[in-house]
Amino acid sequence: ERSETVRFDVGGKIFRVSRSLIDKFPTTMLARMTSEMWSRGEEDGDGDPMFIERDGDRFRYCLD
């Protein structure tokens, strides 16, 4: 069973994002990254967040 959320570690800040939000924009890099992860069955909600080496303060605007 796939998790309903995915966690990102962006610049040391943890973001928990609903899969439904990511699925609304299937051509984005986040959608591609997470679809690969989910298709391999690696995300169970308890694993390590996906690391993105960017500014966490700015990343939140990508989700708004």
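Trainee: How much space lies in the largest pocket?
Mentor: This is a predicted model, in which local features need pLDDT of at least 70, side-chain atom pairs count only at pLDDT 80 or more, and totals for chains, interfaces and linings use all residues. Residues are numbered from 1 along each chain as its sequence is written, and side-chain values use heavy atoms, with hydrogens and water left out. On a 1 Å grid over the protein atoms alone, a pocket is an open set of points where a 1.4 Å probe fits, with protein on both sides within 12 Å along at least five of seven lines. Its volume is the space filled by probe spheres set on the points, which are joined across faces, edges and corners; for the largest pocket this is about 190 Å³.

Trainee: Which helices each supply at least two residues of the lining of the largest pocket?
Mentor: A lining residue has an atom within 4 Å of a grid point. The lining consists of Val-17, Leu-21, Ile-22, Phe-25, Thr-28, Leu-30, Cys-62, Leu-63 and Asp-64. Helices are DSSP runs of H or I with at least four residues, and strands are runs of E with at least two, numbered from the N terminus. The helices asked for are H1 (19-23) and H3 (56-63).

Trainee: How many residues of that lining are nonpolar?
Mentor: Ala, Val, Leu, Ile, Met, Phe, Trp, Tyr, Cys and Pro count as nonpolar, Asp, Glu, Lys and Arg as charged, and the others, Gly among them, as polar. By that scheme the lining has one charged residue and one polar residue, and the nonpolar ones number seven.

Trainee: Is Asp-9 buried or exposed?
Mentor: Asp-9 lies in strand S1, and its C-alpha atom is 6.1 Å from that of Ile-52, 43 residues apart along the chain. Its contacts outside four places in sequence are Ile-14, Pro-49, Met-50, Phe-51 and Ile-52. Buried means under 20% relative accessible area, exposed over 50%, and partly exposed in between, with a 1.4 Å probe and protein chains only. At 19%, Asp-9 is therefore buried.

Trainee: Is Phe-51 buried or exposed?
Mentor: Phe-51 sits in strand S3. The C-alpha atoms of Phe-51 and Arg-7 are separated by 8.8 Å. Because its relative accessible area is 52%, Phe-51 is exposed.

Trainee: Which side chain does Thr-5 join in a polar contact?
Mentor: Thr-5 is in strand S1 (residues 5-10) and is buried, with a relative accessible area of 19%. A polar contact is a pair of N or O atoms within 3.5 Å; within protein, one must be able to donate a hydrogen and the other to accept it, and residues adjacent in sequence count only if both atoms are side-chain atoms. At 3.0 Å, the partner of Thr-5 is Arg-16.

Methods. Contact = heavy atoms within 4.5 Å.
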